Structure formats: structure tokens, C-alpha cells
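This briefing is meant to be read alongside the sequence and the model.

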Amino acid sequence: MPKLLAFAGSIRRNSYNQAILDVAVEGAREAGAEVTVISLEDYAMPIFNEDEESAHGIPERAQAFKELLINHDGFLIASPEYNSSYPALLKNALDWASRKAGDEKVMQAYKGKVAGIMASSAGGLGGLRVLVVLRMLLENMGVIVAPNQKAIAKVSGLLDDNHAISDEKTIKQLKGLGRDTANLCEKVCQ
Ligand SMILES: Cc1cc2nc3c(=O)[nH]c(=O)nc-3n(C[C@H](O)[C@H](O)[C@H](O)COP(=O)(O)O)c2cc1C
């Protein structure tokens, strides 16, 4: 079964998107995938600047994040929606990981990988708009994004006291996304 890397585009304490990611991870594991969950907090990296890259190369933690992407078959990504798009935290990490170092192939972190994407928000659209642009971004970099995606609306009402998703219908949907991503990756990941 495939190896998936799971991360959220938020490092907020009690992040909604971390909460939905955790459920999708469970679904992927139940389908047999091996899933590594990371926080972008542990891969803090400067805002991309091509002059800095030319002078000093790719920063250590950006390279470490990229190597994680390279060493997994696919991804589970949960993103907040900021002004109808993805947060700078997520875009910056994905941009650094698109940069080639040494013997790596062009876009090695992305080409031929599969991603399952999800969003959540206290609002009524659940971050649906970020999924449109996140799908486009990932596909432009060579990732096959699973047709199934989930935008969880009014998420603040679906949590228990430990900030975990407790709503049964939502758990079923998110586990389904994790399972579908694992199964798609099993079929197409190189
Ligand atoms: C700069 C900014 C812009 C935001 N724009 C949106 C938006 O367009 N749509 C939305 O549903 N929520 C928006 N929000 C609210 C986020 O959904 C909210 O901060 C959410 O908690 C982020 O997810 P997290 O809990 O995983 O950090 C915005 C928040 C910030 C800080």
C-alpha cells in the first residue's frame, strides 16, 4: 500500500484543518496506507527569495520538507481558506519544494504523486474556494489530485471538547476521502 504524507496549511493551535486532516488520515490508514503526519511548524522556512536561494541554496528545513514529499507516494493536505485562496504558509512551503537541488529531477516532489485535498471553515462554504485553486496549483506541478474532495462548512459546531471532529457524518466523509486517496494512489502512484 502507498506511503502518504499528511499536513495542514495551518499551524494554529486547535486548527480546524488539523482536526479534519486527522480524520482523513484515519481513513487512509484503515485502507492500509502508511501515513506520516507532520506539522509545517516543524519545517519553518523563510519566504522564498530567489536571490537568497542563489546565494545560500535551499534552506535546510525547506530541503527536509521537500525530501519528505519525494519519499512519499502521495499526500493528504488540509488547507484553510484565506481570502478565497491558500495561506502563504502552505504556498511558500510548496514553492520551496518545487526547487531542484543536486541530482533531483525537475519537480521530483510532485510529478506522479497523488493528493487528497480538504478544507474547513466556520463559514458556510467550508473553504470550497481554496480547493479550486489548490487543485489547480498541485496539478500544474504534476500531482494527480483525487476527484473526491471535502469542504467542511460550519466546522466549529462539529468538534468535541478536545477539538477533534465528533460529527459522525463528517467523520464518514473525511474517512472516505482518506480511503479514496489511498486507493487511487495504490493504482497510479509510480
Ligand atoms: C487573512 C484571513 C483570511 C480569511 N479568509 C477566509 C475566507 O476567505 N473564507 C473563509 O471561510 N474563512 C476565512 N478566514 C477564516 C479562516 O477560515 C479561519 O481563520 C480558520 O480558523 C482557519 O483554519 P484553521 O483553524 O485550520 O487555522 C480567513 C482568516 C484569515 C486570518
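How far is an oxygen atom of the ligand from an N or O atom in the side chain of R12? In this model, which is predicted, the separation between that ligand oxygen and the side-chain N or O atom of R12 is 2.8 Å.

**Ligand site**

- The residues that surround the ligand are S10, R12, S15, Y16, N17, P80, E81, Y82, N83, S84, S121 and R129, and by class this shell comprises 3 nonpolar, 6 polar and 3 charged residues.
- N17 places a polar side-chain atom 2.7 Å from an oxygen atom of the ligand, whereas S84 has a polar backbone atom that is 3.0 Å from a ligand oxygen.
- Of the 620 Å² of accessible area that the ligand has on its own, the protein covers 67%.

**E81, a residue of the ligand shell**

- E81, which is one of the residues surrounding the ligand, is located in the loop between β3 (74-79) and α4.
- The side chain of E81 forms a polar contact of 2.7 Å with the side chain of R129, and R129 is likewise among the residues around the ligand.
- A polar atom of the E81 side chain also lies 3.0 Å from the backbone nitrogen of V130.
- When neighbours within four places in sequence are left aside, the residues in contact with E81 are G127, L128, R129 and V130.

**Packing of α3 against α4**

- Helix α3 (residues 60-70) packs with helix α4 (residues 88-97) at an angle of about 80°, and their axes are 9 Å apart.
- Angles of 65 to 115 degrees count as roughly perpendicular, and α3 and α4 are therefore described as roughly perpendicular to each other.
- On the α3 side the contact is made by A62, F65, K66 and L69, and on the α4 side by A93, L94, W96 and A97; the residues of this contact divide into 7 nonpolar, no polar and 1 charged.

**Packing of α4 against α5**

- Between α4 and helix α5 (residues 128-140) the packing angle is about 5°, with the two axes 12 Å apart.
- Angles under 35 degrees count as roughly parallel, and α4 and α5 are therefore roughly parallel to each other.
- L90, K91 and L94 of α4 meet L134, L137 and L138 of α5, and the residues of this contact comprise 5 nonpolar, no polar and 1 charged.
- L94 of α4 takes part in the contact with α3 and also in the contact with α5.

Methods:
Residues are numbered from 1 along each chain as its sequence is written. This is a predicted model: local features need pLDDT of at least 70, side-chain atom pairs count only at pLDDT 80 or more; totals for chains, interfaces and linings use all residues. Side-chain values use heavy atoms; hydrogens and water are left out. A residue is near a molecule or strand if one of its heavy atoms lies within 4 Å of it. A polar contact is a pair of N or O atoms within 3.5 Å; within protein, one must be able to donate a hydrogen and the other to accept it, and residues adjacent in sequence count only if both atoms are side-chain atoms. Accessible areas come from the Shrake-Rupley method with a 1.4 Å probe; for residues, only the protein chains shown count as cover. Ala, Val, Leu, Ile, Met, Phe, Trp, Tyr, Cys and Pro count as nonpolar, Asp, Glu, Lys and Arg as charged, and the others, Gly among them, as polar. Axes are lines fitted to C-alpha atoms, for helices over the stretch in contact, and angles run from 0 to 180 degrees between N-to-C directions. Helices (H or I, at least four residues) and strands (E, at least two) are DSSP runs, numbered from the N terminus. Angles under 35 degrees count as roughly parallel, over 145 as roughly antiparallel, 65 to 115 as roughly perpendicular and the rest as oblique. Contact means heavy atoms within 4.5 Å.
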